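Me: I would like to learn how to read a few features of a structure. Could you take me through them one by one?

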Amino acid sequence: MQEALHHFETPFYAYDLQTLRSRLTQMQQAFPSAEIFYAMKANPRLGILRRLLEWDVFLEAVSLGEVHRAYRAGFKKTEVLLNGPVKTPAILQELAEIGVPILGLDSLADTQRVSQLLPGSRVLLRVNPDLPIATHDHLATGRGESKFGIMPDDVEKVLAAARRGNLEVLGLHVHLGSALSHLEDYHAGYAVMEQLYRQHGPFQVLNLGGGFGLDLDPASLAPSAIALAERLGAELWLEPGRYLVAEAGVLVSKIWGTKHTRRNFMLLDAGMMTLLRPMLYAAEHPVIPLYKGKKMQVWDLAGPVCESGDILARDVQLPTPKEGDALAILQAGAYGSSMSSNYLDYPRPLEILWNGLEWEVLRRKQSWEALFADEI
Ligand code: LLP
C-alpha cells in the first residue's frame with residue numbers, strides 16, 4: 001500500500017484479488033450446488049468481471065448499461081440475468097439487438113411488455129414476500145411497502161399472463177433486501193417461497209437473491225437454502241454482491257489538515273462523491289490510519305463537498321495526523337465506486353487491483369476531457 005501511495009494520487013480505490021477469490025470460495029463452498037449470479041452493481045469494473053468469468057460466476061444486472069458491460073466483459077446472454085422494476089420499450093428493443101439475457105420480471109406491466117416485445121424470453125418472476133425485513137429502510141426490498149416484486153396473492157395472475165404471452169418461466173425470484181444479518185429473515189423468506197412453489201410449481205429454478213451482510217456466515221444459511229431447493233426439485237440460484245467484493249476493497253484518502261469546530265475534523269480529499277454510503281444509509285465503515293502518530297483523539301472525517309452531511313465517518317479514534325498522511329476506509333469494495341458521482345465536477349477516482357505481483361490499473365482517474373466530453 002505504501003508503494004501505491006507513493007505512485008498514485010489520492011483518493012483511489014484499491015482492491016485485492018486474493019480477498020475477492022477467497023470470499024467467492026467461501027460462498028461456493030457453502031453453496032456447492034448453487035449457480036452464483038454476482039450482483040455487478042456492487043462493483044462493475046471490467047477487470048473484476050473478467051476474473052469472475054474465469055471463475056465460473058454469472059452476472060446479475062439491473063440496467064441496460066450493465067448488460068452492455070457484462071457482454072463487453074465476455075459473458076454470454078445465457079450467463080446474465082437482468083432484473084429491475086422498469087424495462088422500457090427502448091430497452092427491450094436494444095436487448096433484442098444485442099442479445100436477450102434471462103429476464104427478471106417485476107410486475108404485470110413488465111410481464112406484458114416483455115411478452116409483447118420479446119416473446120420466447122426465459123424469465124423469472126420476482127416475488128415481494130411482504131415480510132418485516134430488518135435492515136435500513138432504503139435496503140428493505142422484501143417489505144410489503146417496497147416497490148419491488150409481485151405480491152404473493154398476485155403471483156397466479158402474473159404467471160398466467162407470462163404463460164399466455166409465450167414466456168418461458170424458469171421459476172420465481174426473491175431478494176429480501178441488502179446488508180441483512182438476521183438468519184430469521186432468510187428463513188421467513190424461504191417459507192414464503194416454499195409455499196408459492198407448492199402452489200404454483202414445479203419450476204426449474206429457485207432464485208433466492210443476495211443481500212448477505214458482511215457479518216453473516218453463508219455456511220449458516222446454506223443448509224436451509226440447499227434443502228429447500230432439493231425439496232422443490234429446483235436449481236438454486238443466488239445473487240450475492242456486497243459479500244464478494246466489499247472486503248476486497250478500500251478507499252484511500254489523504255488528510256489535508258485538521259480543524260476544530262465543536263467537533264474535531266480531519267479534512268480529506270475523498271467525500272460523498274467517492275463514498276456515498278455513510279451519507280445515504282448512515283453506513284459505518286471501519287477506518288485505519290496509514291501513518292504513525294502518538295496522540296490518539298476522536299475524529300470525524302470530513303470530505304471536501306459543500307454539504308454538512310459530507311462526513312465519511314464519525315467518532316473514530318485515530319492518531320493526530322500530519323498534512324499529507326493517508327488513511328484507508330475499509331469495506332469500500334462494494335457500492336463505493338459504483339455509487340460514486342461527478343458531483344461538483346470531481347472526476348471519478350483511479351481504481352487499482354493488487355494481483356499478488358503488482359498493482360493493475362482497472363480504471364484511470366477520469367480526465368477533464370472525459371468529464372466534459374458530452375456537453376455541447
Ligand atoms: N439481487 C438483487 C435483485 C438486488 O437488488 C441486489 C441489490 C442484489 C442482488 C445484491 O445485494 P447485496 O448482496 O449486494 O446486498 N447501495 C446499497 C445496496 C443496494 C443494493 C441493491 N440491490 C449499499 O450501498 O448498501
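Reply: Gladly! Helices (H or I, at least four residues) and strands (E, at least two) are DSSP runs, numbered from the N terminus. Residues are numbered from 1 along each chain as its sequence is written. The model is predicted: local features need pLDDT of at least 70, side-chain atom pairs count only at pLDDT 80 or more, and totals for chains, interfaces and linings use all residues.

Me: Where is G211 found?

Reply: G211 sits in the loop between strand 8 (205-207) and helix 9 (218-232).

Me: Is G211 buried or exposed?

Reply: With C-beta atoms placed from the backbone, a residue is buried if 20 or more others lie within 10 Å of its own, exposed if 12 or fewer, and partly exposed in between. G211 has 30 other C-beta atoms within 10 Å, so G211 is buried.

Me: How do helix 6 and helix 7 run relative to each other?

Reply: Axes are lines fitted to C-alpha atoms, for helices over the stretch in contact, and angles run from 0 to 180 degrees between N-to-C directions. Angles under 35 degrees count as roughly parallel, over 145 as roughly antiparallel, 65 to 115 as roughly perpendicular and the rest as oblique. The axes of helix 6 (residues 108-117) and helix 7 (residues 155-164) cross at roughly 5° and come within 9 Å, so the two helices are roughly parallel.

Me: Which residues come nearest the ligand?

Reply: A residue is near a molecule if its C-beta atom, placed from the backbone, lies within 6 Å of it. There are 21 residues around the ligand, and A39, S178, G210, G241 and Y335 come nearest. Helix 10 (242-245) and helix 11 (277-281) are the elements giving two or more residues to this shell.
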